[in-house]
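I opened this one with my notebook beside me and looked up a few things in turn. Here is what I wrote down along the way.

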Amino acid sequence: KAALTNGINLFTGSGFSKLPYNGVSLPDASELEEELCDRYGINKKYKGNLEKICNLINIKSKSDLQGYLRKKFTVNGYNSLYDVINKINIKSYITTNIDNLIQCVFSNSTRYYLHDVVSLGASKNEAAAVTYIPLHGDVNNIDSNLYFGEAELSTVANDNADLFEAMRGCLKKHPTVFLGYGFHDNSVMVF
């Protein structure tokens, strides 16, 4: 309770983004696997391994997959239950999600704004700034690679070394609450 008052890091994974908006929710891994297998003609024997499916697609259609993921994970609204986030003293928001859900939530905040370390660099520790660290990419940043494939995920910590360093710094400063994150990402777990 004291940490929620004094300040925490919020670290989210795909389960965090599952609250529906207007009856629609973002897909989880199993739903996305099904869609990708159908769309790209991938053998369904790979179901259960999203990283492998994306790896197979990246071999032939990486740019198409990137565009599909950007479109699929760009939201225009959100479930109002997410507004509870504004009641928590958040110091940083770290995520392996690529969606823009949190940007939508913070765009309506009167308490905070997201300080994107990718485009703006380190924060000057302003009280209203929540450091935003999108470890696996961000649909709102057209220059950002969206990391889903096996090969990509094995290099994400090197490719985005500055983000992982920023994450480490945040994790050392404040307690961290993990929401919807399954601890399957080796590049995060080594830190």
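**Aromatic rings.** I began with the rings and found that ring pairs link Phe16, Tyr82, Tyr93 and Tyr132 into a cluster. For pairing I took rings of Phe, Tyr and Trp (its six-membered ring) with centres within 6.5 Å; planes under 30 degrees apart are stacked, over 60 edge-to-face and the rest tilted. My search of the whole structure gave 7 aromatic pairs. In one of them, tyrosine 40 and tyrosine 68, the ring centres lie 6.4 Å apart and the planes stand at 90°, so I logged the pair as edge-to-face. This pair links distant parts of the chain, with tyrosine 40 in helix α2 and tyrosine 68 in helix α3, 28 residues apart. Both tyrosine 40 and tyrosine 68 are buried. Buried means under 20% relative accessible area, exposed over 50% and partly exposed in between, with a 1.4 Å probe and protein chains only.

**A note on the model.** The model is predicted, so I kept local features to pLDDT of at least 70 and side-chain atom pairs to pLDDT 80 or more, while totals for chains, interfaces and linings use all residues. Residues are numbered from 1 along each chain as its sequence is written, and side-chain values use heavy atoms, with hydrogens and water left out.

**Overall layout.** I counted 8 helices and 5 strands in the protein; these are DSSP runs numbered from the N terminus, helices being H or I of at least four residues and strands E of at least two. From the N terminus on, the order is α-β-α-α-β-α-β-α-β-α-α-β-α. The C-alpha atoms fill a box of roughly 50 × 40 × 30 Å along the principal axes. Of the 191 residues, 46% count as buried.

**Nonpolar cores.** Which residues touch the most other members of the largest nonpolar core? They are Leu36 and Ile102, in a core of 35 residues. I used the term for buried Ala, Val, Leu, Ile, Met, Phe, Trp, Tyr and Cys residues joined through side-chain atoms within 4.5 Å. Two or more residues each come from α2 (29–40), α3 (50–72), β2 (90–95), α4 (101–107) and β4 (129–134). Helix α3 gives the largest share, 7 residues. Leaving out residues up to four places away in sequence, isoleucine 102 touches Phe16, Ile85, Tyr93, Leu114 and Tyr132; contact here means heavy atoms within 4.5 Å. I also found a second, separate core of 13 residues, with Phe11, Val117, Phe164 and Met167 among them.

**Threonine 12.** Next I went to strand β1 (residues 8–12), where threonine 12 is found. Is threonine 12 buried or exposed? Threonine 12 is buried, with a relative accessible area of 0%. Its side chain makes a polar contact of 2.6 Å with that of tyrosine 93. By polar contact I mean N or O atoms within 3.5 Å; within protein, one must be able to donate a hydrogen and the other to accept it, and residues adjacent in sequence count only if both atoms are side-chain atoms. Beyond four places in sequence, threonine 12 touches residues including Ile94, Asn97, Leu179 and Tyr181.

**Lysine 72.** My last stop was lysine 72, in helix α3. Lysine 72 is partly exposed, at 30% relative accessible area. A polar contact of 3.0 Å joins the side chains of lysine 72 and glutamate 35. Not counting residues up to four places away in sequence, lysine 72 touches Leu26, Pro27 and Glu35.
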